[in-house]
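Please keep the sequence and the structure open beside them.

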Amino acid sequence: QVHLVESGGGLVQPGGSLRLSCAASGTLFSIYDVSWYRQAPGKQRELVATITRAGNIDYADSVKGRFTISRENAKNAVYLQMNTLKLEDTAVYYCNARQTILKPTSDYWGQGTQVTVSS
């Protein structure tokens, strides 16, 4: 069982930066692929960035060059550094951890953290 808690959201002006954190409780966090998703009002949840257990990274086109995902397995944590924020980055950001190595597979979500970009 993994419990995820996001933090670091808030209100920021366009062009500003925020760093989101996803803290995980439980064991074997290193075997999980971890992703950040976001959901804006009236829109579907979308994938923002993923870091696999092997350290492979992928980003949505809309955030490439502005966002950086990283992980510290020793701290059971994943981060999302968000720079040059835009109005359209406003959303609730969710952390997701998924593993398919052990059976049954498992998939966990955090409760989300609000990011508001506004002047």
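1. In which sense do β4 and strand β5 (residues 46-51) pair, and over how many bridges? They pair in the antiparallel sense over 5 bridges, where two strands pair if DSSP finds at least two bridges between them, and where strands are DSSP runs (E, at least two residues) numbered from the N terminus. Within this pairing, Tyr 37 stands opposite Leu 47 in β5.

2. Please bear in mind that this is a predicted model, in which local features need pLDDT of at least 70 and side-chain atom pairs count only at pLDDT 80 or more, while totals for chains, interfaces and linings use all residues. Residues are numbered from 1 along each chain as its sequence is written, and side-chain values use heavy atoms, with hydrogens and water left out.

3. The hairpin of β4 and β5 has 6 residues between the strands, and there Gly 42 takes a positive phi near 75°.

4. Strand β4 (residues 33-39) also pairs with strand β9 (residues 91-99), in the antiparallel sense and over 7 bridges, and Arg 38 stands opposite Tyr 93 in β9. Of the 7 residues of β4, 5 are buried, that is, under 20% relative accessible area (1.4 Å probe, protein chains only).

5. The structure holds 1 disulfide, a term for a pair of cysteine sulfur atoms within 2.5 Å; Cys 22 and Cys 95 form this link, with their sulfur atoms 2.0 Å apart. Because Cys 22 lies in strand β3 (residues 18-25) and Cys 95 in strand β9, the pair ties together parts that are 73 residues apart in sequence. Cys 22 counts as buried at 1% relative accessibility, and Cys 95 counts as buried at 0%.

Key
Buried means under 20% relative accessible area, exposed over 50%, partly exposed in between (1.4 Å probe, protein chains only). Helices (H or I, at least four residues) and strands (E, at least two) are DSSP runs, numbered from the N terminus.
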